[in-house]
Amino acid sequence: MPVDNRPTILWIGDAVKHNPAVFKRLESQFEIIRPEAELRQRPAFLEALRSKTWGEFDAILRPFWVTGGEMGRWDTELVPLLPKSCKIFASAGAGYDWADVDVLAEHGILYCNGAQASSEAVADMAIFHILSVFRNLTWSHLAARSGDAREWLDAHANATMTAHNPRDHILGIIGLGNIGFTVAQKAFAGFGMKIHYYDVARKPRQQEEAVNATFVDSLESLLGMSDCVLLATPFGGSKVIDAERLAMFKQGSRFVNIARGTLVDEDALVQALKNGNLFAAGLDVFENEPAIHAELLGMRNVTLTCHNAGGAIETNYAFEKLAMENVEALLLTGKALTPVNAHLIRD
């Protein structure tokens with residue numbers, strides 16, 4: 001329970017690891033409560049909220065994306081139990097598929113994520129996957145690791161026959177937010193790719209000009225013209241890439257997903273790869289993590305990584321720092337740094 005009249009933060013997950021100076025500043029300004037591990041399990045967490053175990057706290061802070069999620073989804077069962085005093089939920093992580101930000105907004109709670117903190121790392125991983133699907137790198141990698149001279153010679157001689165340089169190919173980006181734009185910068189400046197994008201709203205001209213980007217006003221048109229489609233949009237509750245949309249892809253094109261696996265119908269994706277409508281895919285995220293579709297595992301034209309796109313130590317430092325600073329900014333100035341659902345909150 002709070003011991004003074006300072007604003008109170010409910011801190012869920014691990015203690016501070018990387019930014020002690022920021023934490024010390026936070027600790028000097030706010031009362032910080034860290035629930036015991038057993039109280040973070042969903043039944044116990046819900047009961048603690050009902051019984052007001054932690055009082056009328058003002059903010060929720062989750063500084064690490066791998067801990068602090070024990071209570072499960074923040075939904076219509078959980079969110080209404082939060083005290084009316086709660087103004088902000090600041091979390092690490094680039095997405096928010098585990099939190100219903102619209103429900104939080106209905107209760108006047110601002111949600112802030114850490115997408116800005118992970119943009120560099122995720123964009124680098126996207127470039128790796130883009131290069132892999134153009135250059136048949138998984139085929140070459142698996143053959144080299146096999147220890148089989150025949151496989152090595154096969155890849156050495158034949159992988160090059162369908163490999164291409166990314167230069168002058170169209171990279172179609174679904175979602176030109178922080179991550180999508182950072183990928184565009186790297187793909188344009190580093191590989192000479194042509195940047196096309198689709199988003200719910202067109203970006204400012206200055207931003208487009210920085211990467212020579214072309215706005216496409218329909219997702220279907222983008223899919224049909226792109227040599228490689230990059231999915232870089234948050235999960236909004238439904239599939240973006242399904243069988244119908246995959247049929248709209250340019251024949252023999254490539255697909256890279258560094259967003260969320262739940263945005264893609266993996267059965268349909270496997271079928272598109274098998275029938276040749278898609279030439280290759282690069283996937284960092286999966287529909288049923290940590291399980292990966294069995295047929296994807298055996299495909300040498302599919303590059304797989306373990307949801308590690310944002311997994312650089314610099315990201316962990318920045319996630320933690322940004323989560324703390326979002327809470328600090330909102331509670332002290334009334335304005336958070338990276339709000340996600342501000343447009344949904346009614347005064």
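Tutor: What follows is a short talk about domains and aromatic rings in this predicted model.

Student: Which two domains is the protein divided into?
Tutor: Domain 1 takes in 8-116 + 313-333, and domain 2 covers 119-304. Their C-alpha centres lie 33 Å apart. The contact between them takes seven residues from domain 1 and seven residues from domain 2.

Student: What area do domain 1 and domain 2 bury between them?
Tutor: About 620 Å², with 50% of it on carbon and sulfur atoms. On the domain 1 side, the touching residues are three nonpolar, three polar and one charged.

Student: How many salt bridges are there between domain 1 and domain 2?
Tutor: The count is zero. The rule also finds zero residue pairs in polar contact across that interface, with both residues at pLDDT 80 or more.

Student: How many aromatic pairs does the structure hold, and why is the one of Phe45 and Trp54 called tilted?
Tutor: There are nine aromatic pairs. For Phe45 and Trp54 the ring centres are 5.5 Å apart and the planes stand at 40°. Stacked needs planes under 30 degrees apart and edge-to-face needs over 60, so 40° makes this pair tilted. Phe45 and Trp54 are both buried.

Student: What makes the pair of Trp98 and Tyr111 edge-to-face?
Tutor: Here the centres are 6.1 Å apart, which is within 6.5 Å, so the rings pair. The planes of Trp98 and Tyr111 are at 75°, over 60, and therefore the pair is edge-to-face.

Definitions and conventions
Residues are numbered from 1 along each chain as its sequence is written. This is a predicted model: local features need pLDDT of at least 70, side-chain atom pairs count only at pLDDT 80 or more; totals for chains, interfaces and linings use all residues. Side-chain values use heavy atoms; hydrogens and water are left out. Domain bounds come from an automatic or database domain assignment. Contact means heavy atoms within 4.5 Å. Buried area is the accessible area (1.4 Å probe) that two parts lose on being put together, summed over both. A salt bridge is a side-chain nitrogen of Lys or Arg within 4 Å of a carboxyl oxygen of Asp or Glu. A polar contact is a pair of N or O atoms within 3.5 Å; within protein, one must be able to donate a hydrogen and the other to accept it, and residues adjacent in sequence count only if both atoms are side-chain atoms. Ala, Val, Leu, Ile, Met, Phe, Trp, Tyr, Cys and Pro count as nonpolar, Asp, Glu, Lys and Arg as charged, and the others, Gly among them, as polar. Rings of Phe, Tyr and Trp (its six-membered ring) pair if their centres lie within 6.5 Å; planes under 30 degrees apart count as stacked, over 60 as edge-to-face and the rest as tilted. Buried means under 20% relative accessible area, exposed over 50%, partly exposed in between (1.4 Å probe, protein chains only).
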